[in-house]
Amino acid sequence: MPNVDGTEKKTIAGHLKNCGVSRRDFVQLCSMVMVAAPAGLALTADNPTPAKLADKIGKAKRPSVVWLHFQDCTGCTESLLRTSKPDVADLILNVISLDYCETLMAASGYQAEAALKQAVEENAGKFVLVIEGAIPTKEQGIYMKLAGKPAIDVLKEVGSKAAAIIAMGSCASWGGLSSTSPNPTGATGVDSILPNAAIVNLPGCPPNPYTLLGTVLEFATMGKLPAVDEKKRPLFAYDRLIHDHCPRRAHFDAGRFATKFGDANHSKGYCLFKLGCKGPVTKNSCSTRHFNEIPDCWPVGIGAPCFGCSEQNVGFNIPAYETVQIHGVGAATPPDGYSLVGSTTGKIGVAQRAWSASRPARSAERHGQPRRNCKAAKKL
Ligand code: SF4
Ligand code: F3S
């Protein structure tokens, strides 16, 4: 039963119940959050069961979210809306209180203007601001206006009243596609306009909806944004390189590469490094959290090289088919330049040969005695 003052309705669990969302679906969503964010969230730090996580999240209040679009293609929203089984978009939109979003609301013109004003005033200091798209800065921001005001001014005004800001996608994080050279509008990311705000960057073109979900739930339940790296990306989703956990990595390490789209090696699923894959220099979780709940639905999974969309100065900067340098080893390229299997130092193949050659000496050093031969080992 909802409380007399309606507080139960304001909790996530209360709202889901009112909307007819079953506990089963909610627990299923929580289990997906645990898969998507196995580490790096305070929310899941105690390794709860999905049911316990649902209890924890269910008690939190639905965070008010204002979602503004700037120079974007709406692809980030699209990637959210295209989720399924269960309809994650539906669940996310029930978990949050989306008080303003130009793409999803019916209002337009003066009504939309009033809706933004109301959402910001009623939740001042408490709402989460999601920004999708880059912000044009040249010529006092005249290249994009909202209700007659330059977008940059709207961002400053609304952003100053937000409790936290989520820069959704590469454009909002650091300019992305809109900032590609020669960047005629001076497009840039939110962080460079509001450097002192509480911002988390979710770069990607588009970012994975579960990354947004994990971030929003951490804020709603724990009252803070997730732990981030030096580029303000949440560690739970951007702690490793695509290359570190790519299913084609074994081919890379063995020196098996596709060299042309559609060639025999491409058909065999060999590594795409020589076709320009930027996985070795790009941090994101795409290789383990596929899109739209469809297995292998991510760039490398469908045979296209990662173009580094979530890495600043890589995607939209380095040409798509150009190979990147790995681990800062100069001009070395595979097979001479590929890294050691299990290496923590990023040494190159040449070094691997030296490393292998020194194996007996290292073994003796480790055991304080010469390396045992096989016969001696069998006796033990
Ligand atoms: Fe995967 Fe690309 Fe790395 Fe090859 S270079 S293993 S395709 S991430
Ligand atoms: Fe982007 Fe590469 Fe992932 S292009 S979507 S970071 S595989």
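How many helices and strands does the protein have? I counted them first: the protein has 17 helices and nine strands, taken as DSSP runs numbered from the N terminus, with helices (H or I) of at least four residues and strands (E) of at least two.

Conventions. I note that this is a predicted model, in which local features need pLDDT of at least 70, side-chain atom pairs count only at pLDDT 80 or more, and totals for chains, interfaces and linings use all residues. Residues are numbered from 1 along each chain as its sequence is written, while chains are lettered from A and ligands numbered from 1 in the order in which they are written.

Confidence. I looked up pLDDT, the predictor's confidence in each residue from 0 to 100. Its mean for the protein is 83, and 82% of the residues reach 70 or more. Over residues 1-8 pLDDT stays under 50, and it also stays under 50 over residues 341-356. Where pLDDT is low, the predicted coordinates should not be read in detail.

Sheet. I traced an open sheet of five strands, in the order S2-S1-S3-S7-S9, with parallel pairing; two strands pair if DSSP finds at least two bridges between them. Strand S2 (97-101) and strand S9 (199-202) stand at the edges with a single partner strand each, so one side of each has no neighbour in the sheet. Neighbouring strands are turned by 20° against each other on average, direction ignored. Strand S1 (residues 64-69) runs parallel to S2 and is joined to it by four bridges; Val65 has Leu98 in S2 as its bridge partner.

Helices on the sheet. I found helix H7 (residues 109-122) packed on the sheet, touching S1 and S2, with its direction at about 140° to that of S2. Contact here means C-beta atoms, placed from the backbone, within 7 Å. Angles run from 0 to 180 degrees between N-to-C directions, with axes fitted to C-alpha atoms, for helices over the stretch in contact. Helix H11 (residues 209-222) touches S3, S7 and S9, and its direction makes about 160° with that of S9.

Gly223. I placed this residue in the loop between H11 and helix H12 (235-238). Is Gly223 buried or exposed? Gly223 is exposed, because 12 other C-beta atoms lie within 10 Å (exposed: 12 or fewer; buried: 20 or more; partly exposed: in between; C-beta atoms placed from the backbone).

Ligand 1. I listed 14 residues around ligand 1, the closest being Cys246, Cys271, Phe273, Cys277 and Gly279; a residue is near if its C-beta atom, placed from the backbone, lies within 6 Å.

Technical notes: Contact = placed C-beta atoms within 7 Å.
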